[in-house]
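Here are some notes from going through the model. Have a look at the structure first, then read the points in order.

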Amino acid sequence: MNAVRREQRERENSDPSLARFLCAELTRGYFLEHNEAKYTERRERVYTCMRIPRELEKLMIFGFFLCLDAFLYVFTLLPLRVLLALLHLFTMPCCGLRGSLLLQPAQVCDIFKGLIMVLCYSMMHYVDYSMMYHLIRGQSVIKLYIIYNMLEVADRLFSSFGQDILDALYWTATEPKERKRDSIGVIPHFIMAVFYVFLHAILIMVQASTLNVAFNSHNKSLLTIMMSNNFVEIKGSVFKKFEKNNLFQMSNSDIKERFTNYVLLLIVCLRNMEQFSWNPDHLWVLLPDVFMVIASEIAVDIIKHAFITKFNEITADVYSEYRASLAFDLVSSRQKNACTDYSDSVARRMGFIPLPLAVLLIRVVMSSVNVQGALSYSCLLLFYLGMVTLKVLNSIVLLGKSCVYVKRANMEDKLFERPSTAAPGKTPSRTRKTSRCTAPSGTHVSVTNFSPILKLPSIQKEEEGMEGTELKHRTPKKDLLDVDRFTICGNRID
């Protein structure tokens with residue numbers, strides 16, 4: 001067969017007439033089987049792009065509920081933990097327990113979080129939302145577009161530096177102190193943390209006001225420009241080289257950004273409904289614009305991740321690894337030797353800090369809803385109990401799903417790996433002085449007092465088999481869990 005084709009080509013080449021040329025153009029074929037590997041790879045790329053939306057949205061939904069759990073924690077469990085800490089502080093002298101610590105480190109952190117929330121909420125009363133709205137509305141469309149872009153950049157910078165400020169406060173307040181005068185250093189850290197949360201809340205309020213102006217504009221030109229700004233993000237990220245760890249940080253940043261946008265849309269809807277006396281007909285006017293903003297955000301994320309994975313030859317299964325890594329953070333934070341609270345783990349991994357957003361939401365809700373009379377307070381109590389129920393149910397479901405993802409990814413063994421007590425380049429004595437996670441039995445100095453609520457069957461069997469024995473040495477493997485957990489918004493990879 002090949003010899004016949006070869007003879008036909010030689011005959012055509014020997015007769016270079018116009019008729020032969022036209023006949024060859026009309027009858028020549030494609031011998032794709034000679035490049036089978038190449039075209040199979042191209043087909044797999046198409047299949048990967050078609051799988052990206054589903055795998056990406058699975059990760060986004062899981063990350064959204066992680067952020068929601070950390071956000072609900074501020075409204076539900078944090079006030080109860082603060083009350084328990086204050087009750088323990090005031091009743092301890094009556095019990096005669098003078099030799100022990102007044103408060104555990106976790107209780108100290110809870111009290112500082114509560115104080116920051118109360119002070120920032122009191123300071124937010126001096127900021128007039130209506131005046132800010134009309135001040136922004138008087139600006140031109142182009143100026144508002146530039147302001148909104150600057151606010152997005154400032155929000156990322158505030159999130160990056162703000163987590164360091166809060167961590168510095170918590171560590172300064174709970175670190176072992178040799179002298180009592182060392183406790184004075186907590187005061188400047190606390191003042192800095194209060195001003196950070198207040199300024200970040202003001203920044204988010206300006207973002208919400210700009211978005212509210214875009215919703216209420218007659219020609220919707222500002223809203224269209226703000227939505228088109230999302231597609232500019234594709235140009236800035238698609239044509240860059242990405243590794244798996246860099247894409248993981250970008251995915252975390254997208255999860256945080258999407259959750260923040262949902263809260264901003266909620267604030268806009270609350271302000272608009274309050275201006276129209278809670279008329280339900282006006283809600284149907286707002287819903288098309290809300291769905292338009294959400295749809296554009298989802299479309300931009302899908303297109304961006306689809307082409308990033310295509311150009312960098314990354315499979316769609318990588319999003320399952322990302323989801324397993326986030327699930328590992330959740331499951332490991334429920335262990336007895338956990339060094340951080342679950343909400344702190346989410347903040348460090350995704351760059352999501354719930355305190356400024358919670359302060360602003362409380363300020364908007366309290367100014368939009370009038371609570372007067374016994375019936376109103378009863379409804380408020382029922383609403384709080386409903387949020388507590390939602391928080392507990394969400395935590396239970398997330399923990400169960402996380403155990404499934406960790407088991408499916410064969411990451412159970414890493415839950416019992418002992419953290420390294422000495423970092424490279426540091427002396428063991430300094431590590432023993434500053435370590436908070438390695439404590440003698442009987443003392444509780446970790447930031448969280450969580451106990452493992454749910455264990456996998458294989459984990460429980462392995463734990464029983466390892467009692468009284470040392471874990472075998474495992475060679476370090478570079479994977480997603482080696483990414484620095486203090487990376488914020490995908491700006492730094494260690």
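Which residue forms a salt bridge with Asp-155?

1. The partner is Lys-256, with the closest N and O atoms 3.0 Å apart. A salt bridge here is a side-chain nitrogen of Lys or Arg within 4 Å of a carboxyl oxygen of Asp or Glu. Asp-155 sits in helix α7 (residues 141-174) and Lys-256 in helix α10 (residues 244-275), so this pair ties together parts that are 101 residues apart in sequence. Both Asp-155 and Lys-256 are buried, buried being under 20% relative accessible area, exposed over 50% and partly exposed in between (1.4 Å probe, protein chains only).

2. Before going further, some ground rules. This is a predicted model, in which local features need pLDDT of at least 70 and side-chain atom pairs count only at pLDDT 80 or more, while totals for chains, interfaces and linings use all residues. Residues are numbered from 1 along each chain as its sequence is written, and side-chain values use heavy atoms, with hydrogens and water left out.

3. The overall picture: the protein has 17 helices and 0 strands. These are DSSP runs (helices H or I, at least four residues; strands E, at least two), numbered from the N terminus. Of its 494 residues, 42% count as buried. Take the contacts (heavy atoms within 4.5 Å) between residues at least 6 apart in sequence, and 86% of them join residues at least 24 apart.

4. Back to the charges: the whole structure holds 13 salt bridges. One of them pairs the side chains of Asp-69 and Lys-391 at 3.5 Å, N to O. That pair links distant parts of the chain, with Asp-69 in helix α3 (residues 36-75) and Lys-391 in helix α15, 322 residues apart. Asp-69 and Lys-391 are both buried. There is also a network of salt bridges, linking Glu-57, Asp-254, Arg-258, Asp-301 and Lys-304.

5. Now follow Lys-391 along its helix. Helix α15 (residues 373-408) has 36 residues and reaches 53 Å from first C-alpha to last, close to the 52 Å expected (1.5 Å times one less than its number of residues). Its buried residues include Met-387, Lys-391, Asn-394, Ser-395, Leu-398 and Ser-402. Keep the helix repeat in mind when you look at that spacing: an α-helix has 3.6 residues a turn, so residues three or four places apart point the same way. After α15 comes Asn-410, with a positive phi near 55 degrees.

6. Glu-243 is partly exposed, at 43% relative accessible area, and Lys-241 is exposed, at 69%.

7. Glu-313 and Glu-243 are 70 residues apart in sequence but 9.6 Å apart in space, C-alpha to C-alpha. Leaving aside residues up to four places away in sequence, Glu-313 touches Glu-41 and Arg-45.

8. Last, a helix pair. The axes of α6 (residues 129-137) and α8 (residues 186-216) come within 9 Å and cross at roughly 55 degrees. Residues making the contact include Tyr-129, Met-132 and Tyr-133 of α6, and Met-205, Val-206 and Ala-208 of α8. Axes are lines fitted to C-alpha atoms, for helices over the stretch in contact, with angles from 0 to 180 degrees between N-to-C directions.
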